[in-house]
Amino acid sequence: MKDHYQLAVIGAGPAGGYAALTAARRGIDVLLLDRREEIGFPPACAEGISEKGLTRFITPDPLFIATEIFAITFTVGNGFQYTYRSPDRLGYVLDRPRFDRFLVEESVRQGADLWTRAFVSGVDISSDHPVRIRIERPDGPTTVTADYVIAADGVESMVGRMVGICTLLPLRQSESSLQYRVAGIDLDPRCMEFCVGEKYSPNGYLWVFPKSNNTANIGLGLNPAESGNDELRKRLDRFLGERYGRYTIEFENGGMVPKFTGLDNLGRDNLLLAGDAARTIDSLTGAGIARALHTGQLAAQTVAEALVGKITRRDVVETYRGAVDREIGKDLRFLHAAYQVFRRFDDADWEAMIRFLQSYLAKQKAGSIDPAMMIKSALAQAPRLMRLARHVL
Ligand SMILES: Cc1cc2nc3c(=O)[nH]c(=O)nc-3n(C[C@H](O)[C@H](O)[C@H](O)COP(=O)(O)OP(=O)(O)OC[C@H]3O[C@@H](n4cnc5c(N)ncnc54)[C@H](O)[C@@H]3O)c2cc1C
């Protein structure tokens, strides 16, 4: 067993799996570590991803695709409903455990070493020396060193905290969520649904993401600073009772979904954060899979540049921050600003917004839709929405 690597990646979710794959493809000597025994399990995710968000990085494969999405229904608490149907595929609902495993197996095929049941309990960094990583394994603790580390250890990112980066989640910068895998219901497996407004979630949304024609991930997000935690279950159960009457809950999950908090804390010395650990999440929808793939890729590419001497060790964090900012910074900032507007919406605002989308989308080709332009145009339509938007956009 080796005790030194060029790169250690901590966490084998989408960010870590794709970082390891990107690095291994470039011939980097990489170790991928995860505390779990079974990669990707249990999943805490609604598993939705847009067409572009997936295909930019990975070729879709029936192995990890549960359903293909061609329609989106928007339901407002006041009863208003609109379904957008696209001739082109809009996205997918993944099988997350299989997707995460696919990324990891690909990285191993490309030469990465994988240690599961490997809990990282300590990290000592220095820009002049390799990083020392303490790992608790079933057969006892061990230490490895690595020239660089990518910490892709998810929303809590203990590894970030180990090196002095504040990864604590203030209540106002997060959403708590509860989700059921619901079976025994009738649905269109090609249509996702977003339910908004006071009846469903006063400051977030409720989602129905189909896994098949009778199974779905149905969940709800709420800002914990503004609503008590038992609200989640009460609201979700009420929705299921009213909508479906009879149904079976196969399992439940959930967790904290962070909001975007800026790009100042993306690493230190020779350690970079990627994915949820870096808070590169879309504040509006809570979607983090595509951003996790993207930041995992950028982090691995930055390490590759350092290893061939294109940049110095001391420039690694800043180079990575620059790349993330260039590629997704503008989007993340816009989506966070849009979230600040939407969380103040009442049912009438939602209806005005969705009616605008209805006329806007009727005139656009699916491939040419720019979500940022669409949201800006919608907010500019109604005077009240514009007043709200002026505060933050
Ligand atoms: C209820 C819910 C629904 C969601 N729905 C969607 C959705 O539909 N679409 C979407 O795009 N996003 C969704 N998200 C967000 C999405 O799940 C995350 O953005 C995504 O999983 C982030 O990937 P990651 O690789 O950064 O972290 P993770 O997927 O959290 O992976 C982190 C990995 O690190 C490992 N780890 C942690 N600590 C250590 C340690 N000390 N040592 C070793 N290993 C460690 C963990 O075991 C884990 O495997 C949802 C989130 C929630 C909570």
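Predicted model: local features only at pLDDT ≥ 70, side-chain atom pairs only at ≥ 80, totals over all residues.
**Ground rules.** I number residues from 1 along each chain as its sequence is written. Local features need pLDDT of at least 70, side-chain atom pairs count only at pLDDT 80 or more, totals for chains, interfaces and linings use all residues, and side-chain values use heavy atoms, without hydrogens and water.

**Entry 1, the sheet.** I looked up an open sheet of 7 strands, in the order β6-β5-β13-β14-β15-β12-β16, with mixed pairing. Strands are DSSP runs of E with at least two residues, helices are runs of H or I with at least four, and both are numbered from the N terminus. Two strands pair if DSSP finds at least two bridges between them. β6 (81-85) and β16 (248-258) are at the edges with a single partner strand each, so one side of each has no neighbour in the sheet. I noted an average twist of 15 degrees from one strand to the next.

Angles run from 0 to 180 degrees between N-to-C directions, and axes are lines fitted to C-alpha atoms, for helices over the stretch in contact.

How do α6 and α7 lie relative to each other? Helix α6 (residues 289-307) and helix α7 (residues 316-342) pack at about 160 degrees, with axes 8 Å apart. They are therefore roughly antiparallel (under 35 degrees is roughly parallel, over 145 roughly antiparallel, 65 to 115 roughly perpendicular, the rest oblique). Among the residues that meet are Leu-298 and Ala-299 in α6, and Ala-323 and Ile-328 in α7. The contact residues divide into 10 nonpolar, 4 polar and 4 charged. Ala, Val, Leu, Ile, Met, Phe, Trp, Tyr, Cys and Pro count as nonpolar, Asp, Glu, Lys and Arg as charged, and the others, Gly among them, as polar.

Is Ile-150 buried or exposed? Ile-150, in strand β11 (residues 140-151), is buried at 0% relative accessibility. Buried means under 20% relative accessible area, exposed over 50%, and partly exposed in between, with a 1.4 Å probe and protein chains only. Beyond four places in sequence, the contacts (heavy atoms within 4.5 Å) of Ile-150 include Leu-7, Leu-272 and Ala-299. Ile-150 and Gly-16 are 134 residues apart in sequence, yet 7.5 Å apart from C-alpha to C-alpha.

Thr-75 is in strand β5 and is buried at 5%. Phe-194 and Arg-243 are among its contacts beyond four places in sequence.
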